[in-house]
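Here is a short report on selected local features of one model. Please keep the sequence and the 3D view open while reading.

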Amino acid sequence: MTNLNTIAGATAPKTLPYGVNSRPELTESTQLAVGSAAVWPEESEPAISQKICEIAKNDKEGKVNHHVPEMVWFHKFEDTSTVDIRKTLGLQDAERGRRILHITIFRKLDPITDLSEDEFLGAWWHIVVCHYTLWDKKVLNHHHDINPSNLMVYKASDGRFIGVLNDFDLSSTRDSPSGQERTGTIAFMAIELLSKEGTDKHLYRHNAELFIWVLTWVCLRYQKGRLLNKGRQLDWLQVDAIKCRKEKCDFLYSGRNDIEPSPSHLKNWDFAQFCLDTLGSHYAVRSNLRLPLEDHIVFETWLENQIHHSKRLGPGHSAYA
């Protein structure tokens with residue numbers, strides 16, 4: 001088994017940088033800071049990070065490039081296979097669930113919840129566009145756990161904050177085996193996925209709705225980067241899936257009418273309300289009567305048409321980096 005000394009002295013393979021095409025110049029403090037992640041993915045799982053890296057390298061529009069983590073160093077420790085460990089221990093069914101330790105070092109990122117108003121909304125939109133682009137290119141099937149802690153930012157030398165979609169080790173590709181999807185954070189999941197019947201198919205509109213619930217939560221719970229607790233309890237945050245579904249429906253159709261956003265997200269709350277109106281219209285139709293929605297229609301009508309309103313993004317906060 002690999003010990004820390006082995007890890008520290010490992011020879012670094014070729015770096016796999018994300019967003020290598022004219023990434024917005026980082027500030028000095030960002031250049032020096034790094035973060036790390038240690039994960040044990042299935043050996044048979046597709047190399048999502050490599051696919052995303054390739055898309056970022058060829059991205060001329062800046063929809064993915066700049067908006068995924070910049071990998072500084074990566075190493076796969078071949079001698080940590082869980083199959084070998086089980087065999088050494090003499091355990092039965094040793095071949096089941098082949099996992100191997102990966103350690104990755106990234107440029108350090110900051111939480112998107114540190115931002116307010118135009119800076120927050122601009123970075124949030126970067127991430128929404130990045131996610132949709134990866135989905136549309138059939139690379140990303142399901143991120144599994146999009147929540148505020150996985151939406152990150154870095155500050156470019158021109159003062160702009162650039163949004164970054166983080167934690168792709170919790171993702172699956174379109175060609176991943178079915179039945180391996182993880183549920184994610186209940187509080188931000190689409191209402192349809194919270195029913196007892198549920199659905200076996202994860203659609204893009206479930207992701208679009210998830211981003212809307214994240215936006216809603218930040219508008220109501222964060223004031224200039226500080227989490228508000230007193231008087232800010234949202235009933236759908238800390239309950240099980242069935243209760244969360246009920247509380248979200250109540251919030252969607254009546255509970256949000258009189259609620260006040262934090263002072264630092266007033267304009268963003270206006271945008272969030274329009275997005276929630278769209279959700280309300282969608283769920284107002286009985287499920288057996290809802291027409292199928294193509295992914296690009298959901299992206300355009302639920303999100304893009306609203307964000308490009310002249311008053312949504314302030315000067316200097318472009319749609320793409």
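Strand β2 (residues 71-77) pairs with β3 in the antiparallel sense, over six bridges. Strands pair here if DSSP finds at least two bridges between them. Trp 73 has Ile 105 in β3 as its bridge partner. Strand β3 (residues 101-107) is mostly covered, with five of its seven residues buried. Buried means under 20% relative accessible area, exposed over 50%, and partly exposed in between (1.4 Å probe, protein chains only).

This is a predicted model: local features need pLDDT of at least 70, side-chain atom pairs count only at pLDDT 80 or more, and totals for chains, interfaces and linings use all residues. Residues are numbered from 1 along each chain as its sequence is written, and side-chain values use heavy atoms, leaving out hydrogens and water. Helices (H or I, at least four residues) and strands (E, at least two) are DSSP runs, numbered from the N terminus.

A three-stranded open sheet has the order β4-β5-β6, with antiparallel pairing. Its edge strands, β4 (110-111) and β6 (161-165), each pair on one side only. Two bridges join β4 to β5 (residues 151-155). Pro 111 stands opposite Met 152 in β5. Helix α5 (residues 117-136) lies across β5 and β6, at about 35° to β6. Contact means heavy atoms within 4.5 Å. Axes are lines fitted to C-alpha atoms, for helices over the stretch in contact, and angles run from 0 to 180 degrees between N-to-C directions.

Now to helix α7. Helix α7 (residues 241-255) has 15 residues, but its end C-alpha atoms are only 18 Å apart. A straight helix would reach 21 Å at 1.5 Å a residue; the expected span is 1.5 Å times one less than the number of residues. The buried residues of α7 are Cys 244, Glu 247, Lys 248, Phe 251 and Leu 252. Seen down the axis, they fall within an arc of 135°, so they line one face of α7. That arc is taken from the directions from the helix axis to the C-beta atoms. Their cover includes α6 (204-221) and α8 (266-284). Asp 240 caps the N-terminal end of α7, with a side-chain oxygen 3.3 Å from the backbone nitrogen of Ile 242.

Two non-glycine residues have positive phi values.

| Residue | Phi | Loop |
|---|---|---|
| Asp 93 | about 55° | between α4 (82-89) and β3 |

Lys 224 is exposed, with a relative accessible area of 66%.

Note on methods
Polar contact = N/O pair within 3.5 Å; in protein donor to acceptor, adjacent residues only side chain to side chain.
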